[in-house]
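User: I would like to go through the assignments in this model and see what each one rests on. Please set each value against the cut-off behind it.

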Amino acid sequence: MVCYLCLEDVKLEDWNTGHHRKQCASRCTAQLSTFQTHSSIQCIECKNKLRIWPDQGPPFQCDFQLPSCPTAGQEIGASGGNRYNCFHVTMTCVRLVLKLWRVWR
């Protein structure tokens, strides 16, 4: 698979264990810090504010994959504003995150 931060090929095992993400985030700290963060939406796992991913990397799928998500099961191209991600743990599409955020407020 292709890492959507460093854009390098990564073994699936290294990705799934989080090994690559940890090393990549450390190597790419300067780049990662330039990505804007949402003012209030946090990752449900690590509690860091989700970053707005730039127009880079391979297509992605919404991790929530709820039937109510308009893009459930579809690959979505990163367009520089349609993907919120903490990178360390999870990824999701902006539509569902914003919908959930409205409910949580």
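**Assignments and their grounds**

Analyst: Among contacts between residues at least 6 apart in sequence, 49% join residues at least 24 apart. The model is a predicted one. The protein has 4 helices and 4 strands, in the order α-α-α-β-β-β-β-α from the N terminus.

User: Why is N85 called buried?

Analyst: Buried means under 20% relative accessible area. N85 has 0% relative accessibility, so N85 counts as buried. N85 lies in strand 3, residues 83-85. Across the 105 residues of the protein, 36% count as buried.

User: What makes the pair N85 and Y4 a polar contact?

Analyst: The side chains of N85 and Y4 are joined at 3.1 Å. The cut-off is an N or O pair within 3.5 Å, with one atom able to donate a hydrogen and the other to accept it. The pair is therefore listed as a polar contact. The N85 side chain also reaches the backbone nitrogen of F87, at 2.2 Å.

User: How do you know that strand 1 and strand 2 pair?

Analyst: Pairing needs at least two bridges found by DSSP. Strand 1 (residues 37-42) and strand 2 (residues 49-52) are joined by 2 bridges, so the two strands pair. They run antiparallel, and Q42 has K49 in strand 2 as its bridge partner. The two strands form a hairpin with 6 residues between them. In the turn, K47 has a positive phi of about 70°.

User: What does the side chain of S33 reach, and in which helix is S33?

Analyst: S33 belongs to helix 3, residues 29-33. The S33 side chain reaches the backbone oxygen of A30 at 2.8 Å. The limit for a polar contact is 3.5 Å, so the S33 to A30 distance falls within that limit. S33 and R51 are 18 residues apart in sequence, with their C-alpha atoms 9.0 Å apart in space.

User: Which residues touch the most other members of the largest nonpolar core?

Analyst: C3, L5, W15, C24, L32, W53 and F87 do, in a core of 13 residues. Membership requires buried residues of the listed nonpolar kinds, joined through side-chain atoms within 4.5 Å. A second, separate core of 5 residues includes I41, C43, L50 and Y84.

User: What does C3 touch, leaving out residues up to four places away in sequence?

Analyst: C3 touches E8, V10, W15, H20, C24 and F87. Among these, W15, C24 and F87 are also named with C3 in the largest nonpolar core.

Conventions:
Residues are numbered from 1 along each chain as its sequence is written. This is a predicted model: local features need pLDDT of at least 70, side-chain atom pairs count only at pLDDT 80 or more; totals for chains, interfaces and linings use all residues. Side-chain values use heavy atoms; hydrogens and water are left out. Buried means under 20% relative accessible area, exposed over 50%, partly exposed in between (1.4 Å probe, protein chains only). Contact means heavy atoms within 4.5 Å.
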